[in-house]
Amino acid sequence: MINRIGEDEEAVERPFDLAMTVRLLRFLRPHVRYAVLALASLVVVSLTTLVGPYVTKIVIDRDILRGDLGALWALGFFYLVVAVVRYLAGRFEQRSIAVLGQHVLYDMRTGLFRRIQSMSFTFFDRRPTGKIMTRILNDVSNLNQLLSSGLVRMLGDLFTLVGIVVVMLSLDTRLALLAFVVLPVLFLLSTKLRRQIVERWRRVRRKISNINANLDESIVGARVVTAFHREPENTRRFAALTDETLGSWMQAIRANAFFGPAVDLTGTFGTVLVFWYGADLVRTGQVSIGLVVAFVSYLGSFWGPVSNIGQFYSTLLVAMASAERVFEFLDLTPEIRDVEGAVPLPPLKGRVTFRHVSFAYVPGRWALRDVDLDVSPGQRVALVGPTGAGKSSFLALLSRFYDPTLGQVLMDGHDIRSVQLDTLRRQVAVVLQETYIFKGSIRDNIRYSHPEADPAQVEAAARAAGAAAFIERLPEGYDTEVRERGSRLSVGQRQLIAFARAILADPRVLILDEATANIDTETELLIQAGLRTLLAGRTSFVAAHRLSTIREADRILVIDQGRIQESGTHEELIARRGRYYDLLRAQFQLQEQVGWFRRDAVAPLGPDGS
Amino acid sequence: MPHPAPPPGGGGSPRGPGIVDSAAGADEAAVGPWFKGLARPYLPFGLVAVGAAALGAVAALVPPYLAGVLVNRVLEGHDAKLLPLLIAAAVAASLVRGALSFIQQTRSERFGQGILQEIRNGLYERLVAHGFPYYDHVHTGQLMSRLTTDVEWVRTFFSNGFTQATTFVFTVVFVLAGIFVASPVLGALTLVLLPLLFLVILRFDRRVRPAYREIRRAMGRMTTTLQEAVAGIRVVKAFAQEHHEERRFEAVNREVFDRQVRAATLSATYIPLMDAIGWFLSGVMFLVGAALVIDHAMTLGSLVTVAGDFIVLVGPIRGLGGLVNMWEQGVAAGGRLVELWRQPPEIRSPEHPYAAARARGEVRFQHVGLAYDGVEALHDVTFHVAPGRRVAILGATGCGKSSLVHLIPRYYDVTAGSVELDGHDVRQWDLGALRSQVGVVLQESFLFSATLTENIAFGWPDAPAERVADVARAAQVDEFARRLPEGFDTVVGERGVGLSGGERQRVSIARALLVDPPVLVLDDATAAVDMETEWRIQEALSRRLGHRTTLLIAHRLSTLKEADEILVLEAGRIVQRGNHAELVRRDGLYRHLYEIQYRDRDLWERARAAGEGAT
């Protein structure tokens, strides 16, 4: 397999940033009661942790050494009560943290989704779908770890740690200070060594995602692999990849397997120190045996909180990188949006006016220049011209996918920038060259433009578009499940579904980018028929490639270099023998000349007829 | 001596990997023998790991024992001379334990990794050996989930499950023995109380698993909804359906929320319960022990030992639920994988294959019939193409054109009749040799996430740069490659720069040209290319096509009218054949199509004539 993934990964970590953290914390505010509840129950849980060893001390020193059996019953009861409290508090803690986290996740995902939906096309033009999805799914989850479990647990652990330190110091200062010698080592292990381990696992994950991407392409591209007999080569490359993965996996495991023993050894040293000095203190009668045993127990409880705080640090750095990406999206402002005081567009008659419209995607590079045009309701307009002449830009301005740089686009006399976007787009429908098919039934796909439509309406639209014949031949008719990739529909069939969608929306103004693809003749005829129904009775703008479509237009606009070069009916323009005439002549001359087995290859005429 | 609990592993979590969908087509009886066969070469790693686990379980008893001795002899008995010895022993024990744990972890992972690699490479080899018939039916998502999730479960089974299970057994046996030695009464008590904890753990595991499955499903739905809303944004905006999409997304988002909270509520019920029970039991043990000490039935040191032992025991027991899960999932995943593993490819080289370095390019179809899943696609197709001749195939979508050409490189096998290349039935050819004779430009031009150059050189990775540049020019790839950020080194495909349909087709043509096959098949190769580019490609190709057999599928009659022979297909049968001049003269489908297609042209001619008349 040949592929290159994991080379352009986004930053995984960023240094701590206070302003960003404060902004993140704001997401907790609406759900602050869960945070408080979680924190309160965490404190109770840590208190019960602290009680254990202390009871041990009492039992050894007071009851065992004095032989007092009766007190044990009371302690047993005490244990039971503490266990119940510990259970209830633990339950509250875990549930509150989970609910808190899920609320934050929900809010963030919804917020991001809304923001992304409101963005205009320029935003999507530059970004692959996968990248956008990663922000909503993965980056948000990374933040969740920090905001819910991470933050709350860290506070709980800090409390436990301080509690242990205080209890130990109050039991015996000398012994406590001695025991604390291991603390810095534990902190170092939990940060430095752990970071190394995390880094190694990250490398493993990257390798695995390489393997998975490879597998995915091998399946989707299996036919090409077969066709070019690449099986042996691909198998060799794949084996090299799994070899690499094994290598880095073992590296990560070695670091991992070293970690536990290192912590264990540090703990042993601490314990040994306590016993060493403690034995001396016990011998001289300065402390009790129970105290030494309890001390060792407390020492054992150090590790948990220290480890968690170390982990919190890693989480924090990862979250900073994710937060930056999430905020980048949340801070976007859509270029196309309702202006202050936008009014609903009243039901249209279908008059469309361009008033000295110029448009540039990038400043200075004009896609349209000074287009001035008035189209009366119900007129059929065909746009012709070479690729890149400005036809698509012209169409994109009509439904306000972009705003003109200069001038105005008016519908029934309303500047489309001054009306509410959704009221505009409900009345101005677009059929794009490539039809997007949503996962679901064919019925749902047609109904997409008008979700409340009933089955009869859907079927009527399909009939009008000429799609009914092929749909009804499918085993499950309108209920046949389709999806974007690997869908069973041909290019032509997708077009017909798009037509049906547009007919169902019943717009006053219709915009269509005619497909350039070569479709088999039968389907082509169906599409022509569907197109006629689609355009009937509406103002329409078609970027047309087929003469049969162009010829039937009430008005043909010849567009080149961003300007309307000629305008008129087919007959008028033919008679004029200008750009239109040349364009057609070049096209038909080319059509004469294309052919896979020509013996006499002659250069075709350029689009300008030269 | 009590010691800190071991840190959680950075690798596979005890819950194991993501998606599970048991049920579907598992063959669990075959799993045992398959696993055994896979594990055999790596068994030494596994055995070393088990050995280390057994010794580790013994070594775990040393610190509590030393703590007990310390309490009895040093703290109570004031035998200060023993202290340095005990301390040295504790440090030594920790080192030994550490070494054993290191060995156990790395060896058991090596064991699992060896098997993992065996499975991955083996499956990959088998997958690419499958051809078109297999991939016609495969669901990419499902297959991917087997190759990733199921494979990961099997690894977890061997890497973690296998040694954790042995460690569990050893630890329980040794520690119980240790407690019994220290105090038979406490040993008996442990034996009674521990199953209680077992039960809670197993019950939790049973209940939480379906909850996690629900979460994964809801997440899947959310991902799909999101993916569609983003990929289909143009349609969303064209029909102003943003609110509709928002509602849809919020519904799935809410569902994920609900499922997550439900699972968390379950966890929040059971995990603190297990924790509290464990905590309470160790307290009870300690108090009973204390009573025994007061009764002089045991020493204080033994009590400290037992308390330490008990802590050693609780860890593995907590992991029991995960262990059971690991086992079940491993076997279920293995059942699904063994099915993939054993499925032979439908199309294979014969035992004594024929091969030629370069075929002459003579293609013969004799009474060929083809049926997919019982539906007939081709019926009694007979024709002959002499070396270097050009044949065009015409017909409506679904009439069998692609099926026909797919039979030449044996992407499918005929169900009746035979297909021959150079007088040898294609089923007698060595598959690799046969396929390198036939260059096919497929209808769907798939690009891999690799550089443009690598994509063109797909069939010949070591091709000289000039050759690649030459075919790229011929297929008009360089025309758009120059506009790409890094030219021919630009990564394209799913994870790279997106190319238009027409651009992809041009790469596809270059790819087929590079291998310079004696037989070239163009299956609607320029459907998405504009006419002028098509003309340029044809222009560049006209010189190259000369010496090779060419089969062409196209819709536009103008592009195929110079073919030596045109086959008109309708519902899997050849209904007309001949050259353009003959076919136009005859009544039939060809002429019908000709009339439709040239209508535009006639319109133009008439318009031009009228225009001329007017002036």
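How many Å separate the centres of domain 1 of chain A and domain 3 of chain A? The legends below start there, and everything in them comes from a predicted model.

**View 1. The domains of chain A.**
Chain A splits into domain 1 (15-171 + 319-335), domain 2 (173-286) and domain 3 (350-425 + 539-594 + 603-607). Taken over C-alpha atoms, the centres of domain 1 of chain A and domain 3 of chain A are 59 Å apart.

**View 2. Inside the largest nonpolar core.**
This core has 382 residues. Those with the most contacts inside it come from chain A and chain B: A:Phe354, A:Phe394, A:Ile446, A:Phe541 and A:Tyr580, along with B:Phe365 and B:Val477. Zoom in on B:Val477 and, setting aside its neighbours within four places in sequence, you'll find it in contact with B:Leu452, B:Ile456, B:Ala472, B:Phe488, B:Arg506, B:Val507 and B:Ala510.

**View 3. Where chain A meets chain B.**
Here 167 residues of chain A are in contact with 169 residues of chain B. Together the two chains bury about 16,200 Å², with 69% of that on carbon and sulfur atoms.

**View 4. Charged and polar pairs across the interface.**
Look between chain A and chain B and you can pick out seven salt bridges, plus 27 residue pairs in polar contact. One salt bridge joins B:Arg435 to A:Glu231, with their closest N and O atoms 4.0 Å apart. Helix H9 (residues 231-283) of chain A gives the largest share of the side of chain A that touches chain B, namely 34 residues.

Technical notes
Residues are numbered from 1 along each chain as its sequence is written. Chains are lettered from A and ligands numbered from 1 in the order in which they are written. This is a predicted model: local features need pLDDT of at least 70, side-chain atom pairs count only at pLDDT 80 or more; totals for chains, interfaces and linings use all residues. Side-chain values use heavy atoms; hydrogens and water are left out. Domain bounds come from an automatic or database domain assignment. A nonpolar core is a set of buried Ala, Val, Leu, Ile, Met, Phe, Trp, Tyr and Cys residues joined through side-chain atoms within 4.5 Å. Buried means under 20% relative accessible area, exposed over 50%, partly exposed in between (1.4 Å probe, protein chains only). Contact means heavy atoms within 4.5 Å. Buried area is the accessible area (1.4 Å probe) that two parts lose on being put together, summed over both. A salt bridge is a side-chain nitrogen of Lys or Arg within 4 Å of a carboxyl oxygen of Asp or Glu. A polar contact is a pair of N or O atoms within 3.5 Å; within protein, one must be able to donate a hydrogen and the other to accept it, and residues adjacent in sequence count only if both atoms are side-chain atoms. Helices (H or I, at least four residues) and strands (E, at least two) are DSSP runs, numbered from the N terminus.
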